[in-house]
Amino acid sequence: MEIMNNCCIFILMNIRETFLKLTQWTYPHGTESKLKPFLPKGFQEDDFGNYFIKIGESDTMFTCHLDTCSPLYQKVNHVIGSKIIKTDGKTILGADDKAGMTVLLYMIEKGVPGLYYFFIGEEVGGIGSSAASSMSFSEYNKCVSFDRRGYDSVITEQWFGKCCSDEFAQALANSLNKAHLSFNFRPDPTGIFTDSASFMDDIPECTNISVGYFSEHQVTESQNIQFLTNLCEAVVKIDWSSLPVMRNPNEIYTSTFVKASTDDVLELSAIINVWIDEEKWSARLTNERLVEERSHIYGWLFRQGSYYDLDFIDWDGKVAYINYGGVNEYLGDREDLMYLIEELENIPLDGLELITRIK
């Protein structure tokens, strides 16, 4: 992959006005090209429809996504307060992820070295970043997305895996907190998915940073514009090259989110009935199979664009419950889910611990 070095000259960027311009419309996947006039001078397009620009020399990649979680390209009517920007309740705001786009544009204006990627199709399964991950990014040790709700997250786990080391997350949190004294960033293992997750197999330190939006994907979505302004001003003060690189992408880490490979998981495995060579058996799922199936359920939920505030999935191999935003909800039993998630239909023998043959 060839990436030209470009440095852009901007009229001094007004963070609030930039955010308002970027959120004048909703941008469902397929309409991202309409945002090209807002991209920095000298940007390039890769083979998959993503946009990027490289500033100076750095081992850090910064990302945001251009699409919004909306079915239509619609005009947004802003309701603007002194700190909070929202809509009239007829559309989403699109702060997810125009807040992140605002941060990247500000960093580019200030000449912060890095590879800046503006991805397409994040809201429909990370289409752009997943495709781009087939290219080589071996010169990069850090991938930082700006696409997290709230005020204080430096994500350490997403997509059911450890995405960055605790040392990196803590050092980044400390740097952010030092850059603006109102901040209280901290390592956070409750990430779900954003584009940096697509590079976890190759780039050691991948994370996602809170940008101050709330209720994403809903018409009640809002953005704290004062927090976003503070964040833009803070990230340009950080020495990104000095952050520690500790995580080994080739090492398998236990995720606290899925509670992988623990005795507790096996104890939660329900007894199910399975057919093996025309014989019916009662059996339990192995730890590994239970975790794998939970991952498939999560992937299906993510592709539906549902349950944006998912905290955890309670799956015992037989019945699934999900917890999101403090609400515990029944999702379905195995038979229900098999019609929706084909990976649940056939269980390999090494995924089972047979108990008794049923006559």
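Helix 4 (residues 166-179) comprises 14 residues and spans 20 Å from its first C-alpha to its last, close to the expected 20 Å at 1.5 Å a residue; the expected span is 1.5 Å times one less than the number of residues. Helices (H or I, at least four residues) and strands (E, at least two) are DSSP runs numbered from the N terminus. The model is predicted: local features need pLDDT of at least 70 and side-chain atom pairs count only at pLDDT 80 or more, whereas totals for chains, interfaces and linings use all residues. Residues are numbered from 1 along each chain as its sequence is written, and side-chain values use heavy atoms, with hydrogens and water left out.

The buried residues of helix 4 are Phe168, Ala169, Ala171, Leu172, Ala173, Leu176, Asn177 and Ala179, where buried means under 20% relative accessible area, exposed over 50%, and partly exposed in between (1.4 Å probe, protein chains only). These residues pack against strand 7, strand 8 (153-155), strand 11 (186-188), strand 12 (205-210) and helix 5 (225-235), a contact being heavy atoms within 4.5 Å.

The protein as a whole has eight helices and 20 strands. Of its 359 residues, 53% count as buried. Among contacts between residues at least 6 apart in sequence, 76% join residues at least 24 apart.

Rings of Phe, Tyr and Trp (its six-membered ring) pair if their centres lie within 6.5 Å; planes under 30 degrees apart count as stacked, over 60 as edge-to-face and the rest as tilted. By this rule there are 18 aromatic pairs. The rings of tyrosine 117 and phenylalanine 137 have centres 6.0 Å apart and planes at 70 degrees, so this pair is edge-to-face. The pair links distant parts of the chain, 20 residues apart. Its two members are listed below.

Four strands form an open sheet in the order 4-5-14-13, with antiparallel pairing; two strands pair if DSSP finds at least two bridges between them. Its edge strands, strand 4 (78-80) and strand 13 (213-214), each pair on one side only. Strand 4 pairs with strand 5 (residues 84-87) in the antiparallel sense over three bridges, and lysine 86 in strand 5 is the bridge partner of valine 79.
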